[in-house]
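Let me put the structure up before I write anything down.

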Amino acid sequence: MSAARQLADMIMAGVGRLIPPREHEWAEAMAAEQAEIRDHRDALAFSAGCLRAAGWQRARALAPDGSWFWPGLAIAILLLGTAAIPRSGSSAFVWAPVGGLVTVLTLENFGGRLSFGRIVLLAFKAGAMSALLFLAVALFLFLPEGDGRLDPDRPAQLRGGSHDAVHHHQRRRSGPFTVQSTERGGAPTPKEH
Amino acid sequence: MGRRPNRSRQTRLVLAALAEAPHRWWYGYDLARSVGLKSGTLYPLLIRLHEQGLLDAEWRSAETMGRPPRHMYRLTAAGAALARDLANEERSWSLTPRPAG
C-alpha cells in the first residue's frame, strides 16, 4: 500500500472521530467512497476534503441554529489549541488551527495532482509562511514603542540602580516634547527632543 | 438580512446535476466529479439537503465483491421542485434584458 493511501486511510479514521456522532453514517459513506477511488493521490485529496467537511459539521453542531456558528468555530479552535498545548506550548492556540487548516487545504487542493514529496514540500513552505506571518504580527503587537535607545536623562535608578529614590517613572509623549515625571519629583519637566 | 437558504452556486450546481435525471441514484464521488466540487464542499451540502428533506440517501451494496456498501443519493419530490424553481429563476434572469451601456 502506498504512503498516500495509508495517509488517506488515517485521515478517514480522523473523519470518523471528528464528525458529530449523530452524523456518523456520513463518515462511513465518505470512507466507502474513498475505498472505491483507485488513484491513491485522488483518494488522499478526497480524504482531506472529508476531514474539512467533518470539521465543518462539528463546528455546525456546536451552533445548531446557526447564530453560534462563529463562536462555535472559535471554541473548536480553542479546544484544538488546548489539546496541542502539552506538545507545543501556548503558541499551539495559533499553530494547531493554522497548521491543521494549511495541511488539509494543501492536501485537498494538490493531493490529487502532485507527488507525495511535493505535497510535503508545499505544506512545509505554507507552514514557513504562516510562521513568518505569526512573527510579524507578534512583533507588531509586542514591540515597545520608540527606538529603544536609552534616554541619557533617565533616572539612574531605572538604569540598573536602586529603586529607593523613585518608585515610579512615567514617560509619555505630547507633541514635540517628551514629558517625564516621577511620583515625588514635583511637576513634570518638559524636555525638547 | 439573512442569506436565503439553498441559493449558493454550489447548491445550484448539485441540485441541477441531480435534477437532470431525477430517478438516478448517484455516488458521492461521481457527483463530486460531475459538478466539479471537492468532497469538503460537497458533503456538508449533501448533509444539509438531506436534513431538509430535499435529498434521499440510501445504502447499496457495492458492485465489487468485498467492498463496503456505498451511500447513494437522489432528489426527493421536494428537492426536485426546488431544483425546478431554481432553474426557472436562472432562466428568468438570463431572459431579463440588461440596460445598454
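Predicted model: local features only at pLDDT ≥ 70, side-chain atom pairs only at ≥ 80, totals over all residues.

Residues are numbered from 1 along each chain as its sequence is written, chains are lettered from A in the order written, and side-chain values use heavy atoms, leaving out hydrogens and water.

**Entry 1: the interface.** I looked up contacts (heavy atoms within 4.5 Å) and found 24 residues of chain A touching 23 of chain B. The two chains bury about 2100 Å² between them, 59% of it on carbon and sulfur atoms; that is accessible area (1.4 Å probe) lost on being put together, summed over both. A:Trp26, A:Glu33 and A:Glu36 supply 33% of what chain A buries there, more than any other three residues.

**Entry 2: charges.** I got four salt bridges across the interface, meaning a side-chain nitrogen of Lys or Arg within 4 Å of a carboxyl oxygen of Asp or Glu. One joins A:Arg60 to B:Glu51, with the closest N and O atoms 3.2 Å apart.

**Entry 3: A:Ser47.** Is A:Ser47 buried or exposed? I have it as buried, with a relative accessible area of 0%; buried means under 20% (1.4 Å probe, protein chains only). A polar atom of the A:Ser47 side chain lies 3.3 Å from the backbone oxygen of A:Ala8. Leaving out residues up to four places away in sequence, A:Ser47 touches A:Ala8, A:Ile11, A:Met12, A:Val15 and A:Gln34.

Definitions and conventions: Buried < 20%, exposed > 50% of the residue type's maximum accessible area, 1.4 Å probe, protein only. Polar contact = N/O pair within 3.5 Å; in protein donor to acceptor, adjacent residues only side chain to side chain.
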